[in-house]
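Here's a quick briefing to read alongside the model. Have the sequence and the 3D view open as you go.

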Amino acid sequence: MEHQILALGKRAKAVAAQASILQTQQKHDLLHTIAQALISQTDFILTQNQIDITQAKENGISEVMIDRLSLTKERILSIANAIQKVIDLPDPVGIIEGGEKRPNGLEISKVRVPLGVVGIIFESRPNVTVDAAVLCIKSGNVALLRGGKEAIHTNLALVSVIRDAICSCGLPEDMVQLVEDTSRDSAFEMMKLNGYLDVLIPRGGAGLIQSVVKNATVPVIETGTGNCHIYVDEWADLDMAVSIVNNAKTSRPSVCNACESLLVHESVAGAFLPKLSKEFQTHQVIMLGCPKTQQILGDIVLPVCEQDYATEFLDYRISIKVVSSLEEAIEHIHTYSTKHSECIVTNHLQHARLFTSKVDAAAVYVNASTRFTDGEEFGLGAEIGISTQKLHARGPMGLQELTTIKYIIQGNGQIR
């Protein structure tokens, strides 16, 4: 296994210089070719995706997770359309961020350049395969992709289509590579690929992310799990709050920006929770609540434990706590947040300001669903992941986050 991953790393490094100097129009022509190829090869991709879906069902994978894995003609078209949005974005490579002329005559420029070889380890979401490849191409990087075993046939098909498109444009197909071995050993070897991987980005559940963070010797950008909270304030519009919480929990519960924990001020809990419960019952959401929640809603609420407050369910489950104040809500979020996306629903300006200033997260919302934490929704075209760390990149990672800085200094014989 070590030799296989090393070989992929060497091939990626060998084409990194060529990828980094592609002109913007070359990249756009390639991305357009990839989008058209995905559409023309839809039947082939869906056939391979069906193999993965069948195996997932046989292995007892939940319907929510199968939805993450599944492709349709409409989803493939949406993926292709997202590529066009990336094409429409400014090319970050070569942008001059700043500079100055020093008293000694040196002219210093701060220029954006690609990271180099970007490794992405992700779980069973085929759209990530295309998003990662496309963002790396546009930002002048080489992509080394390793998806989950549940999506291996789909990923093989997608990467095959992408590599064929790259070849048809007269460019090296190794600009995008897929690790075909989905064992833990292959992931571990990627984590140790020093000298070939410039950065490794894990995108998936808490177990995957923590494994990469703890074991990697290559640089890592940590994308976080999403234990996202919504706090319904005493000054909230309750109908708006019901709509926001219901959307954040049920529109797609298997994604990292879904709401997992709900906090409700005690003065509005009696009116709000029954309204929300009616919406939740249509989706069969399992509610895990504190004693006050159980008192208001009765037997339909299961008792909550501390571990529930810390859990990213990725399912139709939610933890609920009734709190006595904004300060208690913020303290609860500080205790259990994964620093992904947090929300307050309120019409009180000062409460909104306190919440946004005191809550430490990549995205903090006032009166809007946490489901908007997404590269496309933020105008980035697509995303490589949602970073919950504070160095280099935070929040949805788009093109600019896949570049770094190079200082270029022009002189005329200066010495020191």
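Two strands count as paired if DSSP finds at least two bridges between them. Helices (H or I, at least four residues) and strands (E, at least two) are DSSP runs, numbered from the N terminus. This is a predicted model, where local features need pLDDT of at least 70 and side-chain atom pairs count only at pLDDT 80 or more, while totals for chains, interfaces and linings use all residues. Residues are numbered from 1 along each chain as its sequence is written, and side-chain values use heavy atoms, with hydrogens and water left out.

**Strands β3 and β6**
- β3 (residues 117–122) and β6 run parallel, joined by five bridges.
- Within that pairing, I121 sits opposite P202 of β6.
- β6 (residues 199–203) is mostly covered, with five of its five residues buried (under 20% relative accessible area; exposed is over 50%, partly exposed in between; 1.4 Å probe, protein chains only).
- V199, I201 and R203 point one way from β6, and L200 and P202 the other.
- In a regular strand, side chains alternate between the two faces of the sheet.

**K27**
- This lysine, K27, belongs to helix α2 (residues 24–40).
- K27 is buried, at a relative accessible area of 1%.
- Leaving out residues up to four places away in sequence, K27 touches L22, D91, V93, I137, K138, S139 and G140 (contact means heavy atoms within 4.5 Å).
- K27 and C169 are 142 residues apart in sequence but 9.8 Å apart in space, C-alpha to C-alpha.

**Helix α7**
- Buried residues in α7 include I152, L158, V161 and R163.
- G170, with a positive phi near 75°, follows α7.
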